[in-house]
Amino acid sequence: MNRAVLVIAYLVLAPAIGGLMDGFDRIVSARMQRRRGPCLMQPFYDLRKLFSKQMLAVNNVQLLLNLSYLAFIVVAGAMLFGGMDILMCLFILSTADIFLVMAASSDSSPFANMGASREMVQMMAYEPLTLLVAVGFYLAAGSFHVADIVQAPVSAVVFMPGMLVGLMFTAAIKMRKSPFDLSTSHHAHQEMVKGITTEMSGATLAIMNIAEYYELVLIFGIFALFFVNSSWYSWPAAILLCLGIYFLEILWDNVSARLKWSQVLSSCWIVSLLTGGLNLLILMLIQ
């Protein structure tokens, strides 16, 4: 029953929570840049405006591919909050990213196609660490199932501090933040217009934004797994620590410049090896 409630809560509340987190991101970023910035509810006003626009799609398949991107993210999040296999959840999340690449590649815009190719490069950069994190949870809790991980007597972060640091590093790619905002950016400093979202407008772009809100909640659900255990007080502690991680991601976004694709690959693989690989080796030795 509790799992069903969590799944329903994710399906219903994730877009609202993700939108509020996006609004918080905009406010904090504006303050860091000595600007007033928009209000907290601005992401929802943007969605209302996008849905009110006339439906103009470059091709008919782009909307379908964006809907597929949204659907796979929703399924992955439902599996995570439903206590299911985290490895399968991450595989489905990777499948969702492939649909996004296909959506960007479905038109003839050189900017969108360039963004799609960069998105593929970014997937190659963060996927190795993502798989290492799943294996780390298995070694720490003895199971791939989220329901077993959250019932462990000790938080997974005790056994996986390196993987947490590595995931914080690569999570900036998933959240499209500097220095990894190669394929598209939420800020007006992208040299190729808006990258993968260049040809998206109206409802198509709104669906893309909603999918990002679902994904944002999913990402921090994975972060929460590092801190949650069988103790009740670990849950509020996990929420506070996740908010702290989000603030650090926003800070990093505002103080760093975008890297080249080759630098993204090399830096992510080095971090994956030093944090995830060494942490995994230590976990295997102490088992």
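**Aromatic pairs and helix packing**

Reader: Is Phe81 buried, exposed or partly exposed?
Author: Phe81 has a relative accessible area of 23%. Buried means under 20% relative accessible area, exposed over 50%, and partly exposed in between (1.4 Å probe, protein chains only). Phe81 is therefore partly exposed.

Reader: What kind of model is this?
Author: Residues are numbered from 1 along each chain as its sequence is written, and side-chain values use heavy atoms, with hydrogens and water left out. Local features need pLDDT of at least 70, side-chain atom pairs count only at pLDDT 80 or more, and totals for chains, interfaces and linings use all residues; the model is predicted.

Reader: How many aromatic pairs does the structure hold?
Author: Rings of Phe, Tyr and Trp (its six-membered ring) pair if their centres lie within 6.5 Å; planes under 30 degrees apart count as stacked, over 60 as edge-to-face and the rest as tilted. The number of aromatic pairs in the structure is 12.

Reader: How many residues apart in sequence are the parts tied together by Phe137 and Phe226?
Author: Phe137 and Phe226 form a tilted aromatic pair, 5.0 Å centre to centre and 55 degrees between the planes. Phe137 belongs to helix 5 (residues 110-141) and Phe226 to the loop between helix 8 and helix 9 (234-255), so the pair ties together parts whose separation is 89 residues.

Reader: Are helix 7 and helix 10 roughly parallel or roughly antiparallel?
Author: Axes are lines fitted to C-alpha atoms, for helices over the stretch in contact, and angles run from 0 to 180 degrees between N-to-C directions. Angles under 35 degrees count as roughly parallel, over 145 as roughly antiparallel, 65 to 115 as roughly perpendicular and the rest as oblique. Helix 7 (residues 161-174) and helix 10 (residues 261-286) pack at about 160 degrees, with their axes 7 Å apart. The two helices are therefore roughly antiparallel.

Reader: How many charged residues does the contact of helix 7 with helix 10 have?
Author: Contact means heavy atoms within 4.5 Å. Among the residues in this contact are Phe169 and Ile173 of helix 7 and Val271 and Asn279 of helix 10. Ala, Val, Leu, Ile, Met, Phe, Trp, Tyr, Cys and Pro count as nonpolar, Asp, Glu, Lys and Arg as charged, and the others, Gly among them, as polar. By these classes, the contact of helix 7 with helix 10 has nine nonpolar, seven polar and, for charged residues, no such members: no charged.

Reader: How many nonpolar residues does the contact of helix 5 with helix 10 have?
Author: The axes of helix 5 and helix 10 come within 9 Å and cross at roughly 10 degrees, and the two are therefore roughly parallel. The contact includes Leu132 and Val135 of helix 5 and Trp269 and Leu283 of helix 10. Beside five polar and no charged residues, the nonpolar count is 16.

Notes: Helices (H or I, at least four residues) and strands (E, at least two) are DSSP runs, numbered from the N terminus.
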